[in-house]
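Subject: Structure handover

Hello,

Please find below the structure we talked about. My notes come after it.

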Amino acid sequence: MTIPRSESKNFRRHKHIKTASTATPSERPVFEILLVDDDPNILSTLSYSLEEPGHHLTTALGGKNALDVLHRKSFHLVITDLNMPGVDGITVLRRAKEIDANTKVIMMTGSVLPTSTLRLVFREANGFLSKPFGLTELDKTVASCLGTETLKSSLSQETSC
């Protein structure tokens, strides 16, 4: 996944994800996020983009590592690639939901999916990102799942998670 450098700079310059403006930093909720992909470059790029106050980010290189992490810690949000060798994103999604039904899961994929797989993803996941996606799209999807606002979503139509 390649993210244009200009978009990356703009994303970091603005505080896109925020909680209600009346909350002080100590009152803002802390969100535990697990990011899963089998590509270390995608993990690195998305990790940088998801680093925001109030987010505790954990990364897992591949589905097997994600399952190990899920057994040790609970998360508010799991963002996982769908197609990974060994343990795929569907397995990660289902395990996260088994551990805590309130965990939100965003699926990412760069593959064209069969209709049956798409139905399954849309039925079980809380959000979907088709690679390549922009950082603004990532921001909106994450904010929607966590119940926070983004600068852009407060000005435009909200997306449900």
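This is a predicted model: local features need pLDDT of at least 70, side-chain atom pairs count only at pLDDT 80 or more; totals for chains, interfaces and linings use all residues.

Residues are numbered from 1 along each chain as its sequence is written, and side-chain values use heavy atoms, with hydrogens and water left out.

The average pLDDT (the predictor's confidence in each residue, from 0 to 100) is 80, and 75% of the residues score at least 70. Residues 1–23 fall below 50, and this stretch has 48 contacts in the model beyond near neighbours in sequence (contact: heavy atoms within 4.5 Å). For residues 151–160 pLDDT also stays under 50, with 15 contacts beyond four places in sequence.

There are seven helices and seven strands (DSSP runs numbered from the N terminus: H or I of at least four residues for helices, E of at least two for strands). Of the 161 residues, 44% are buried (under 20% relative accessible area, 1.4 Å probe, protein chains only).

Five strands form an open sheet with parallel pairing, in the order β3-β2-β4-β5-β6 (two strands pair if DSSP finds at least two bridges between them). Its edge strands are β3 (55–61) and β6 (127–130). Strand β5 (residues 104–109) is joined to β6 by four bridges, and I106 stands opposite G127 in β6.

Regards

Technical notes:
Buried means under 20% relative accessible area, exposed over 50%, partly exposed in between (1.4 Å probe, protein chains only).
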